[in-house]
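Hi,

Here is the structure I promised to pass on to you. My notes on what turned up in it follow below.

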Amino acid sequence: MGLSYRDAVRLLGGQSGTAKALDRLSGGLLLAASATGSAFVLSLFDARGELARLSGALVIELGDRIRGLDRFQRSERLAAAHAVIVLTAYFEALAGLDLPFDVERIEPSEQVALAGGGPPGTNRPADLATGLLKAEVPMPAPQWPYEVTLDTLGGFYVGLSKEVVRFLSGLAAWDRLDETQRDRLTGTLITETPGRAVVRYEELFRRLAVEFPEVAFWANAVDHQATRERLRELGGALAGLERTLAGIATGRLPDERRLSLSRAYRAALDRPILTSNDAFPGVRLPSLGMAYVNPDYRTAVVDRPEGVGEESWWEEQPVREDLEAFLLGRLTVPEATRAPLMVLGQPGSGKSVLTRILAARLPPSEFLTVRVELREVPADADLQAQIEHAVRTATGETLSWPELARSRGDALPVVLLDGFDELLQATGVSQTDYLQKVAEFQSREADQGRPVAVWVTSRTAVADRARPVAGMVAVRLEPFRERQVGAWLRVWNETNETNAGWRPLTSEAVLAQGELARQPLLLLMLALYDAGRNRLRGSDASLGQGELYERLLHDFAEREVRKAGAALARPDFQRAVERELTHLSLVAFAMFNRGRQWITEVELDADLAALAAEVDQPMAAAGLRSRLTAAQIVLGRFFFVHEAQATRDDRRLSTYEFLHATFGEFLVARCVVNEIAELAELMSRTRERGRHVPIDDAYLHAVLSFMPLTMRNTTVGFVEERLRDITEEQRVLVRELFLELFHDALLPRRDTRHADYAPQPVTVPRRPAVYSANLVLLLLLTGGEFAGDELFPAASDPVAEWRRTALLWRSQLPPEGWLAFVEFLDLDRVWEGDRRRLRIRGRSDGELSPTDPFWTYNITPGNRYFAWVRTDADLLRRQARVLCDDGDDVLVHALEPLAGELGSTVTTFHVHGGKPPLSAAHALIRLWLELVRDEGPAELTEAFEACLQIALYGFAPADRHTRRRFRRLFLRHLAEHWLRLDSGWLDHAMRLIGGSGGDPVEERDELRRDAMRILAEDLLGRAG
């Protein structure tokens, strides 16, 4: 035996009838202790069957013993009991072995030492418990599947067996065994015993989990389907979690302070899911407690900061459906008080709502819950002060944290820190050590006898701004699946079914809107849009995404205008609606032009002030506000614009972001296309009057000269969708507009109306580069192709102008914007007579045509030579080194093995048989690839023929050294692989090599000698 259930009983409070029975069972051999505290003595192989019989009774007694403990002590004792089960299972498996020598005796403290618990000689019960808890015995955890726990346990048992072998090898009986007996015993211990121990562990674990359900949730060892059904029967919105926790409650009745916090949080369950319903007449909003639907999730231990914010990292983790079961396990596992849990998700995914539901559902007899909205507490205060501020906000009572924690009674304190991302955005202050500070707070509280669990919520995108701490677990909430959408819609329809003329909203109609239906808050927005006129079930069901967004946002803007301007005449009303959407577009541009998904209130105010002439005309006479600041535009007006808040130095700081990034991307596209339409209309009117007036593109230039539209592919798609609906006449007009604007885009601008618009500091060439690139993109999106001459009509060589402009784009556009721009277009390099031309068009799915060096070097058909060296290869390397361009560096790196003696092969071109020019390096690399591919003699012969022609005729006369090196490489490959080549071609090659009439006499002779010597060496090698 090993550390038995008697030791578990001691860890849980002292002697018991079962322990005494075990004493009697062993006749004093199992447990014998003298009054002087002598060591425990036990047999490894006695009394196995009787111990198994008593196990069930022992578990019952464990329940009796821990009912007087608080929440954390109960979890701690159960963890200790689990560790004893792990050791007991192993030593019971060990007891089944037949040792080839007499039974040896091992003290319990020695068995603890085998498990890593400490040195032998520990014989006091308290010391024995300490040694056990220090042993690195595998513990189940809710973030791991049960199978992972078993695999880890098997590895632990293998390691333990190795330690047992080492322990036994120090006994005198071991020395009396022969080598065969030792090998057999070692093999049995290491290969068989661990598997038997795992099987026995599962039996013991199931018994423990039946009596103490939280242990099963620790290990993910429950039937998930049955658990989900049971939890659903207990009610939605984590009601099943609440009742399950109440069913295993061990604590006394909560005091008034805990009840006060609990009452404040529980009140939220009965409130509508939106704070105000006055904007949606005729619609009933379900309560938070009714509408909350458990999302799916992924979870993992976070061991590096750069992974947790990456989609690819999370895709490696499996999707799980048992959120309530996971939460049950996490709330009761002892590790919860040692490191924070991070709850991650996209905006609108339900992170904050989950903390509200948890705060309402956790039984106050078991948990002292404090929910801290980081947007509402002082950002520059320490964690303790923020908790105290949140308690005062919830209850109106000023309490110090130590005072509140000491009053916890049997409850486990749980602190829910909601909105780490808001803290980052609103303050703009780095918080890389935030989680470390949380862990230090937990450590301090544990040292003071006040263990506390802490959860932190954040948007996934900024989760890697804080370094993880050891043992930290992260949970990412997943978008809704069809069943969750259906469950939410059932509540929505039941809440509104008594409304006059109500038609239920179906899952099919909602799911047709794609990602919008997958986030809880966006799903609510779709439901509100549909309410009243059943839009999603009518013509809108087949709309494109852009048109759906247009109608959806227009509908919400109308509701906002109707609040203050219901008496407006129809034209004034529509202008007011358009003004609201224009303001929202400026919010979108404020984020887009800063390369972020969020914007601060101060930045937004500055942007609006700079663009006020276009977007913020007062309408006081009509009853609307005379001036809209950034806060007035977004705060409390459009609930799909999320406001993040934090307080610093008693000053409220706010940032804003769209609940879904595509709203901002659509609004950017909408603003651009609307401005283009207005400019085109102005151009049309001036031409009708027979005048040519320069187009005033100051506003378009202001918003499109900081970031390329290709920074967001979705934005480009929305622009393309909106431009697709214009007429052919409008298309021609818009095309002319873009070309006219491009002609002036790279010239110095004198317009100063929007000089104060500066979303980010930029260099002098940045703005013309970005604006001109955006105009080229818009030209392509309008449809068709255009020629380089149209962009540069006054240039003698439009290709050279295009190259200079492209270099400007590459140098000034952000790398991701530049690469997306390159991906979007194709260039056709063509000849028109003796003139090279460019045709620019949108990217097609076809393969890129081969590079034509004639076109590159502008060598017209009448001026083409057989071979030439245009640029020194080393100069190309130096140029790439100076430019520091990653694309150039990649190509230079690939060709660097040819540097030195073969450097000019890169820049030496050869023309043969009317084919396009071929560089020596190109021919050589192709030959190497064909030698490896082994696809057939035809392809290989063709590659050899190209190298043969270059070896004989391809190099400039003065480049004798490189020609010699190339020839020898070619001849060695020919000698090695001639058996793979067509015999007719070999005869042809040898005749050419033998003739080589174009070479000087000494080089001709050298070529023949090299050919004969290399071929002879090869033949001799084959003969040998």
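Let me start with Trp 928, which sits in helix H41; helices (H or I, at least four residues) and strands (E, at least two) are DSSP runs numbered from the N terminus. Please bear in mind that this is a predicted model, where local features need pLDDT of at least 70, side-chain atom pairs count only at pLDDT 80 or more, and totals for chains, interfaces and linings use all residues. Residues are numbered from 1 along each chain as its sequence is written, and side-chain values use heavy atoms, with hydrogens and water left out.

Trp 928 has a relative accessible area of 32%, so it counts as partly exposed (buried is under 20%, exposed over 50%, partly exposed in between, with a 1.4 Å probe and protein chains only). Together with Leu 895, Ile 925 and Leu 929, Trp 928 makes a nonpolar surface patch of about 300 Å². Helix H41, residues 920-933, gives the largest share of that patch, with three residues.

Helix H16 is another story. Ten of the ten residues in H16 (residues 323-332) are buried, so this helix is largely enclosed by the rest of the structure. Among them are Glu 324, Arg 330 and Phe 326.

As for the whole chain, it has 45 helices and 15 strands, and 53% of its 1024 residues count as buried. Of the contacts (heavy atoms within 4.5 Å) between residues at least 6 apart in sequence, 73% join residues at least 24 apart.

Best wishes

Terms used
Patches are made of residues with over 30% relative accessible area and no salt bridge: like charges are joined within 9 Å, nonpolar side chains (Val, Leu, Ile, Met, Phe, Trp, Tyr) within 5 Å. Accessible areas come from the Shrake-Rupley method with a 1.4 Å probe; for residues, only the protein chains shown count as cover. A salt bridge is a side-chain nitrogen of Lys or Arg within 4 Å of a carboxyl oxygen of Asp or Glu.
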